[in-house]
Amino acid sequence: MKSSFVIIAGLAGLIQKAAAQAQGYGQCGGVQWTGPKTCVSGWTCTYSNAYYSQCLPGGNGNNGGNTVTVTITQTVTTTSVRSVVSTETDYETVTETETTTVGGDCTTTGGPTQPTDCDASGTFELFGVNEAGAEFGTAIPGTLGKDFTWPTFDSVDYFLDKGFNAFRIPIMLERAAPPSAGLDDPSTYDQVYLSGLYQIVSYITSKGAKAIIDVHNFGRYNGDILTDVSGFGIFWHALSAWTAFSENVVFDLMNEFHDMDNGLVFQLNQAGLSAIRGNNLTNLILVEGNSWSGAWTWTDNNDMLKYLTDFGNNMAYEMHQYLDSDGSGTSDQCVSPTIGAERVQSAIQWCEDNNVQCFLGEYAGGDNDDCIAAVSGMLCAIKSSPNWIGATWWAAGPWWPADTFSSIEPPNGLAVNDYVPLLQSYQ
């Protein structure tokens, strides 16, 4: 659910202006940029586009606008590690005026099946579930088995047997990088927590499926808005170096930014993109937006993200969409049987207009006819677009009570009986 924060206008710009030189992964140029135009020693101001230049590793510091060529290569080694490892989350609250029309090819009358008139063809590249647990609780670092947990291999195997091929694994940034030391020194990161992540990622990828590492922090760190752009880049540089042993690892930079300066959201995403590519990795990277990354408000809040630069040319924009009245995903009642396709309509158009890949990272609905029809219509709508690469249901995970309406954790999660067959029909 939403929290209230004081918004400091122009936060990202004010931070940069305070420094004589931009720090690593920080902005150093661009149209209307009034901050520092040079980088600290060891970093080079690298042109991304007319709106953004960024300090990347290399050189002794220079003026904005210079171009650095980044060569991407990749060595893939698959590692399998077997270990038995198996909450609670925040949700979006957005106000929107509902629309009442939707494309005729994705209407549905309910029931746990694909609409008979859905003309979606082909196969999603990524289609599966979120496996929640490692981001649960508030204790830092917390105790495994008491405050948080990891997904179970049995749950992963269940969905693999059903034909799913993608698992989004939420983690808590403060558990990976303890606030006492911050983000800037990877030697202080919590190796025990990261080993749990490594084990579940290893298991998923050893099965030939995609493991999506999701920093599930809502644009926050240690209770405050994350403003350490350089540190965020350092974190992703280190984490991607440790975990990208397979092309099946996917990096989800930050879950659901909200109530933040758009410039800061852009800078953090660009820092993560550049840092991962600095490891010569071509793995898929997922970029989320402001306002809880909602698909229904994406065009109003996140149009600026189309200017992000990915040197590896393998990026997708991740959006989330729930179907209750406020879009929070906290109610099992959906607005109407057609609300799913309606709420993603403008986002589909944005992805097609900008010729970019897009991904539905979170969605859910209650176990009732309206929601089943709405979810089916939404999946039909995105699958009918060539720009959407897939979706992951929120959520599986061993600690959800079985009566949680969106729990798809086998065998007894409330969403299992109706939604697993429905989702299978969209693979």
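Please keep in mind that the model is predicted.

Is Val31 buried, exposed or partly exposed? Its relative accessibility is 47%, and Val31 therefore counts as partly exposed, since that class lies between the limits of 20% and 50%.

Leu422 counts as buried because its relative accessibility is 0%. Along the chain, Leu422 and Ile372 are 50 residues apart, while 8.3 Å separates their C-alpha atoms.

That brings me to the helices. A packed pair is described by two quantities, the angle between the axes and the distance between them. For helix α9 (residues 369-383) and α10, the angle is about 20 degrees and the axes are 11 Å apart. Angles under 35 degrees count as roughly parallel, so α9 and α10 fall into that class. The crossing of α9 past α10 is right-handed.

How are α8 and α9 oriented to each other, roughly parallel or roughly antiparallel? Helix α8 (residues 339-353) packs with α9 at about 25 degrees, and here the axes are 6 Å apart. The pair α8 and α9 is therefore roughly parallel. In this pair, α8 passes α9 in a crossing that is right-handed.

How values were computed:
Residues are numbered from 1 along each chain as its sequence is written. This is a predicted model: local features need pLDDT of at least 70, side-chain atom pairs count only at pLDDT 80 or more; totals for chains, interfaces and linings use all residues. Side-chain values use heavy atoms; hydrogens and water are left out. Buried means under 20% relative accessible area, exposed over 50%, partly exposed in between (1.4 Å probe, protein chains only). Axes are lines fitted to C-alpha atoms, for helices over the stretch in contact, and angles run from 0 to 180 degrees between N-to-C directions. Helices (H or I, at least four residues) and strands (E, at least two) are DSSP runs, numbered from the N terminus. Angles under 35 degrees count as roughly parallel, over 145 as roughly antiparallel, 65 to 115 as roughly perpendicular and the rest as oblique. A crossing is left-handed if the near helix is turned anticlockwise from the far one by less than a right angle, and right-handed if clockwise.
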